[in-house]
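Please read these points alongside the coordinates.

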Amino acid sequence: MTLLQDFVLETSSNPGVGDFVLNGPPLNRISFAQAFPGGGQVFYYADDGSQAEWGIGTLTAGAPAKIARTEIYGNTLGNTDALRFTGGVEVYNEVPARFVPYFDKDGGFSVSGEITAISLSIRDQALVPDAKDWTGQQAVPAHQADARYLRKYSDSNATAPDQITIYPGSGQLGVYAGGAWHTYQPSGDYATNARVNDVASSATSAASSASANADTRVLRAGDTSQNQTINGYLTIQYGGGKFSFQPDGNAVAYDGSGNSFFNVSPGAINWNGHSFAFLDNLPLDASKKLVCFMVAITSGQRVTFPSGFSAPPDSINFNSTQRLDLWWSDADAGGFTITSNSGVSQTISVIASGNR
């Protein structure tokens, strides 16, 4: 996520077309490293008084910190090339115009076409123009929705091919299909028409057949002829296997040889001999995380976490096949500085824990 904070401004000397190496903030301003974590993206403007450039940069924390020109959106020359700054430059945190939503002169709310996802809250009525393409993702105003989907009873001019409505007063359900209305009453028989009578006749026949065979086809204790059993617990047969919900609270799946391969109990889950840990069994609660990685280091190096935390980590631990004569300092949500007495480059493993 691109980041934005108030009063962030620093200077940079002779950056050319490369990264902005930051000198620190003037009085009453704050630095990028104070406002943002290392490795994060930031909006930036760079201005030397005669030319300016703006875009998104990636912050590298350290002494000194620097901002890489990750994506340039424009400059005072009218293109998106990196400007060559040969003197002192002010680098400050501000939002480029393309990211700012606004109300136009006609009262319409506009956002840049490059912004593909926004969250918008409406605290009063929102007026939506009539939809012109019913196959597209257009918002539909209330009067069109009412005319298209909620039609008055017996209105054969409905624009959609199939309509459903509630008849005022009686509570009857009306469905318009095939050029005629079919009425379903809240109680009693279906409304008389050929199509409904066919459905009613079929339903009566099916009900009679179901009733005659109910004794042999519904679930029966001890009867597995329909591949379903109730014996104080429920068993579902499938091919040669079965799945059983048992009185002890377990759910067990068996293969065709009667061997259990999946078992769920109130306290454990087992699949083919593999057990699963619950969140309560893990060393961290859901608000914490572990970050584990390998890194080649030298003394005084800034190490960046592959996945940052929301706050400085609770602990940082090292391991190496070589002699460990090193320690960390200046830890923040994005990384830490490592110091070694030996001054020899070595590869270590790092395990850090903290808030997600």
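Is Asp332 buried, partly exposed or exposed?

1. Asp332 is partly exposed, with a relative accessible area of 25% (buried is under 20%, exposed over 50%, partly exposed in between; 1.4 Å probe, protein chains only). This is a predicted model: local features need pLDDT of at least 70, side-chain atom pairs count only at pLDDT 80 or more, and totals for chains, interfaces and linings use all residues. Residues are numbered from 1 along each chain as its sequence is written, and side-chain values use heavy atoms, without hydrogens or water.

2. Asp332 and Arg302 form a salt bridge, 2.7 Å from N to O (a side-chain nitrogen of Lys or Arg within 4 Å of a carboxyl oxygen of Asp or Glu). Asp332 sits in the loop between β23 (326-329) and β24 (335-340) and Arg302 in strand β21, so the pair ties together parts 30 residues apart in sequence. Strands are DSSP E runs of at least two residues, numbered from the N terminus. Arg302 is partly exposed at 21%.

3. The count is four salt bridges. One of them joins Asp19 and Lys66 at 3.9 Å, N to O. Asp19 is in the loop between β2 (9-13) and β3 (20-21), Lys66 in strand β6 (residues 66-75), 47 residues apart. Relative accessibility is 33% for Asp19 and 34% for Lys66.

4. Lys288 and Asp314 also meet in a salt bridge, at 2.9 Å, N to O. Lys288 belongs to strand β20 (residues 288-297) and Asp314 to the loop between β21 (301-304) and β22 (315-319), so parts 26 residues apart in sequence are tied together.

Methods: Helix = DSSP H or I, 4+ residues; strand = E, 2+ residues; numbered from the N terminus.
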